[in-house]
Amino acid sequence: MSAPPALQIREANAHLAAVHRRAAELEARLDAAERTVHAQAERLALHDQHLRAALDELDRAKDREIATLREQLMTSEATVRSLQAAVHRRDELIRQLQQRAELLQDICHHRPPLAGLLAVLAEAERLGPLPASNPSHAPPGGPGPPVANSTGEEADRDHLQPAVFGTTV
């Protein structure tokens, strides 16, 4: 085989140099792309780490808020129970007071007739007992002889006492 002409060798060398440059250029671009991907991966990992930390903090804040709300709920339920008991006591007191109010209304309704009766009794008490009198000399229009009871027997004068009016009110 004969040696290739110089022109062919130069063309082949130029082609090899171009391929070599192109390979070096591609390697440089590949290194740059790898650095970019690596930097992006680090940024994404750091961002993911920040997001995880934020999620963890949100989870802790949620747990704290739930605990606070549970305490408030328990306090509110205790307050409701206390208020319900107070309402029950007051309802019972109202029931008792209503009974007393009805009794007082009845008393007020009966008061005028009772006041009149008390006034009459006071007047009778002021008059005092009747003086002792002889039954044979009864005043006209006055009391008559003793009346027989329903059994037909005469009333025994010894057990009769003069009438005395009095009040205990």
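My notes follow, from the whole chain down to single residues.

**Ground rules.** I'm working with a predicted model, where local features need pLDDT of at least 70 and side-chain atom pairs count only at pLDDT 80 or more, while totals for chains, interfaces and linings use all residues. I number residues from 1 along each chain as its sequence is written, and side-chain values use heavy atoms, with hydrogens and water left out.

**Confidence.** I looked up pLDDT, the predictor's confidence in each residue, from 0 to 100. The protein averages 85, and 78% of the residues score at least 70. Over residues 147-158 the pLDDT is below 50, and this stretch has 5 contacts in the model beyond near neighbours in sequence. A contact here means heavy atoms within 4.5 Å.

**Overall build.** I found 1 helix and 0 strands in the protein. These are DSSP runs numbered from the N terminus: helices are H or I with at least four residues, strands are E with at least two. Helix α1 covers residues 6-127.

**Surface.** How much of the protein is buried? Buried residues make up 1% of the 169 residues. I use buried for under 20% relative accessible area, exposed for over 50% and partly exposed in between (1.4 Å probe, protein chains only). The accessible surface comes to about 15,500 Å², and 61% of that belongs to carbon and sulfur atoms. Such areas come from the Shrake-Rupley method with a 1.4 Å probe; for residues, only the protein chains shown count as cover.

**A nonpolar patch.** I noted that Leu103, Leu104 and Ile107 make a nonpolar surface patch of about 300 Å². Leu104 sits in helix α1. Patches take residues with over 30% relative accessible area and no salt bridge, joining like charges within 9 Å and nonpolar side chains (Val, Leu, Ile, Met, Phe, Trp, Tyr) within 5 Å.

**Charged pairs.** I counted 8 salt bridges in the structure, each a side-chain nitrogen of Lys or Arg within 4 Å of a carboxyl oxygen of Asp or Glu. Side chains of opposite charge can pair when their charged atoms come close.

- Arg22 bridges to Glu25, with the closest N and O atoms 2.9 Å apart. Both lie in helix α1, 3 residues apart, about one turn of the helix. Arg22 is partly exposed at 41%, and Glu25 is partly exposed at 41%.
- Glu57 bridges to Arg64, with 3.2 Å between the closest N and O atoms. Glu57 is partly exposed at 36%, and so is Arg64, at 48%.
- Arg95 bridges to Glu92, the closest N and O atoms being 2.3 Å apart. About one helical turn separates Arg95 and Glu92, because they are 3 residues apart in helix α1. Arg95 is partly exposed at 36%, and Glu92 is partly exposed at 30%.
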